[in-house]
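Colleague: I'm new to reading protein structures. Could you walk me through one, feature by feature?

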Amino acid sequence: MKRAGIALDLGTSGFRGQTIDLSTNQVIATVITVRHPLPGANVIDHLNFAIEAGKDVAHNIIIAAINQVIDLLLKAEKIKVERLAVCGNPIQLSLFENIEIRDLAYAGEKKQQQLGLVPPDRGSKEYRGECFPLLQVPPDCLILIPPAVKHEIGADALALLVLSGILEQDKISLATDYGTNAEMALKVKDRIITGSCAAGPALEGQHISRGMLAAPGAIADLLPEDGGHRCMILNEDMIPMEGDLVQLDNGAVLAGGILRARGITGTGVIAVVSRGLETGLVKLPQINTASTYLNLADEIRFGEDDLQEAGKAMGAIRAGYITLAGEAGISTDDIEVAFMAGASGTYVDARKALKVGTVPPKVKEIFQVGNTSLILARMLVQEPEKLVFLENKARKLQASHCMFANSKVFERAYLLEISYWTEGMPWEQYEKFAAMYRLPHLSLPRENVQVTKKVMRDISDLGPGGMKSIEKVGIEGRWIMEGCSGCGRCIEECPEEALLIDAENGITMRMDRCSGTACRRCEHVCSEKVFHLSEFWRKVGA
Ligand code: SF4
Ligand code: SF4
């Protein structure tokens, strides 16, 4: 029987897993989930869900999704899983471990004391498979969890710091893991300031009408060519290949491509906005075409609602590094080097990212470094003794965390960003208000930047088994609510098509599709007032 380990990255928008052959240390295969199994679109939604439905329910759902990943990775082959390493942000890891999470919701010490909350140990951990009865690994499987740097600076941020190359830089540098929750670290001499910015899901291709995660069939870039734009589409190996050459304003196909598009991912969104601004087809906050859409390959259209969603995400990231610069007492123009991690940070055309402001404007060098969280998990599977090294590193790092939620600078910068992206505030006015608020100076982006792509894909090595994806993630549950008339209003109202009703008035919910506590439309429209979301979640997730 083959001996293998599994590396897992529990991301906010989905999970990524790889099997590693322990006799050769080579990757065997890769599996991703196309969405997160818990209701909600970001870490705050996941946290609220876990508090409302109960952390046991959230834990069960996460383990069910991990079991799907493990099943597909092993494909019924005779493989003994001897090690499992799991990396992610503090909320995902705490839910995996099924430890206290409420301290992550209430940041102030006073509030925590009032509630009698004791933050749990989030240092490095070693478990055995038997500690996780629902997890499909052998009882003696070694389970490794990397440490957080501090309460708010999780293992994913440690991965970004240790693996991006920022710690070796002497110049003022910013490392960003682009995603639904953008983790950021600014290094000024020996000082590191981190922040975590709820950018929203648009940069992962979600909440965009034809959006999708970075997966085969996704439009990942847009290149000007012969009077039109060539849509670049990810193939089965996650390499961008030519799709149709189209005219953005009227959708005319000027030349066919090799691949067909299924949707657009976050990097494609940045490319569309960047090219739209450059060509004048986007005049914020509007799309300046007869149809008010930008037309891409295979009838995929990008509309003004998509532009707003994208603007909010890009604006949040810019507000994030403005805030870190303010915290460090520097101008954003002083940031010379940028490290871009995560799928969005890897596939994006870095110059387009610079143009739309998701990279500080005056950086001279950009490094695109891949999915550091998964790389860290893989490293631990291959060399479990590195856990001690990571624990020492985490303890020694002189890092402080800036809570954007409590930052006046972030609040003001984000307000300006929203006005710029969604209301069309002119740049001159933005600058005037930024100066009035004493925000760190923000210039227009430089043109000549040096870009080094350290990896071709966010997951650099997929293994000979290639990459497979799971579309239906985690669990779906059915429950007959007492007093339900079967009117179907909740089903019609659900914006995510997460609900189904059957002949016995049994309602089935796809947890991975549900928007969670931020939505609740099904509950509000229930004609008989019998739909109680938290009760539903508790029943079906127990
Ligand atoms: S309507 Fe209900 S089931 Fe549908 S997304 Fe909203 S909360 Fe979830
Ligand atoms: S809206 Fe209420 S009564 Fe109508 S089907 Fe849904 S749960 Fe039942």
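This is a predicted model: local features need pLDDT of at least 70, side-chain atom pairs count only at pLDDT 80 or more; totals for chains, interfaces and linings use all residues.

Colleague: Okay, into which domains is the protein chain divided?

Modeller: There's domain 1 (2–147 + 463–470), domain 2 (156–201 + 308–376 + 385–453), domain 3 (203–304) and domain 4 (476–541).

Colleague: How many residues of domain 1 are in contact with domain 2?

Modeller: Residues count as in contact if their C-beta atoms, placed from the backbone, lie within 7 Å. By that rule, 20 residues of domain 1 touch 18 residues of domain 2. On the domain 1 side, strand E1 (2–10), strand E2 (15–21), helix H1 (43–53) and strand E4 (79–88) each give at least two residues. That side splits into 9 nonpolar, 9 polar and 2 charged residues.

Colleague: And which residues come closest to ligand 1?

Modeller: Look for Cys 494, Cys 514, Cys 519, Arg 521 and Cys 522, out of 14 residues surrounding ligand 1. The shell has 9 nonpolar, 1 polar and 4 charged residues. Around ligand 2 there are 15 residues, with Cys 484, Cys 487, Arg 489, Cys 490 and Cys 526 nearest.

Colleague: What about strands: in which sense do E24 and E26 pair?

Modeller: In a regular strand, side chains alternate between the two faces of the sheet. Here, E24 (residues 476–480) and E26 (residues 506–510) pair antiparallel over 5 bridges, and Trp 479 has Ile 507 as its bridge partner in E26. E25 (residues 499–501) also pairs antiparallel with E26, over 3 bridges. In the hairpin of E25 and E26, with 4 residues between the strands, Asn 505 takes a positive phi near 65°.

Notes:
Residues are numbered from 1 along each chain as its sequence is written. Chains are lettered from A and ligands numbered from 1 in the order in which they are written. Domain bounds come from an automatic or database domain assignment. Two residues are in contact if their C-beta atoms, placed from the backbone, lie within 7 Å. Ala, Val, Leu, Ile, Met, Phe, Trp, Tyr, Cys and Pro count as nonpolar, Asp, Glu, Lys and Arg as charged, and the others, Gly among them, as polar. A residue is near a molecule or strand if its C-beta atom, placed from the backbone, lies within 6 Å of it. Two strands pair if DSSP finds at least two bridges between them.
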